[in-house]
Amino acid sequence: MRDTIPDCCFVPSNSGLRLARRRPGRVGYVQGLVCMGIWILAHEVGHGACSVHRRLNDVTGWTVHLALLVPYFSWKFSHRRHHRSTGHMEKDMAFVLPTKADRETRRLADLYLDRELFEDVPVVQLPKLLAHQLAGWQMAAGVRSEC
């Protein structure tokens, strides 16, 4: 059988490594697409969309979240709390709206410039994006563990 297979098929190839070294952006882009797809599945499983059986949802969710290095059960409980109180001034964990007192104290700190005017400017968003991606998850995990 070995005689029917060309000899070049038995020579190890590093083409994948060469591609990763030459085009790290493409590899990262594809990896991001795959991980985002896995995250969408993990998110839906956390909502119970995988099965009508809760245990199967939990096993599937734990497995998929494990691939993303995200703790499933703590995410599931905090995400459920977020959905229960979305937009609530005191109970929402993700999108906490500023109160009138917050806006007034911010105005003094900003010398009466409204932050909402600058929130979509790329120069402002880049440091926020870097801080969120490099330290945000660790800080959020620390805050949630104290609750």
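Tutor: Happy to! Tyr29, Val30, Leu33 and Val34 make a nonpolar surface patch of about 410 Å². Patches are made of residues with over 30% relative accessible area and no salt bridge, joining like charges within 9 Å and nonpolar side chains (Val, Leu, Ile, Met, Phe, Trp, Tyr) within 5 Å. The areas come from the Shrake-Rupley method with a 1.4 Å probe, and for residues only the protein chains shown count as cover. Val30 is found in helix H2 (residues 24–46); helices (H or I, at least four residues) are DSSP runs, numbered from the N terminus. With a relative accessible area of 48%, Val30 is partly exposed, a class that falls between buried (under 20%) and exposed (over 50%).

This is a predicted model, where local features need pLDDT of at least 70, side-chain atom pairs count only at pLDDT 80 or more, and totals for chains, interfaces and linings use all residues. Residues are numbered from 1 along each chain as its sequence is written, and side-chain values use heavy atoms, with hydrogens and water left out.

The salt bridge count comes to one, the rule being a side-chain nitrogen of Lys or Arg within 4 Å of a carboxyl oxygen of Asp or Glu. Lys76 and Asp58 form it, at 2.8 Å, N to O. Lys76 lies in helix H4 (residues 72–84) and Asp58 in helix H3, so the pair ties together parts that are 18 residues apart in sequence. Lys76 is buried at 5% relative accessible area, and Asp58 is buried at 13%.

Methods
Helix = DSSP H or I, 4+ residues; strand = E, 2+ residues; numbered from the N terminus. Buried < 20%, exposed > 50% of the residue type's maximum accessible area, 1.4 Å probe, protein only.
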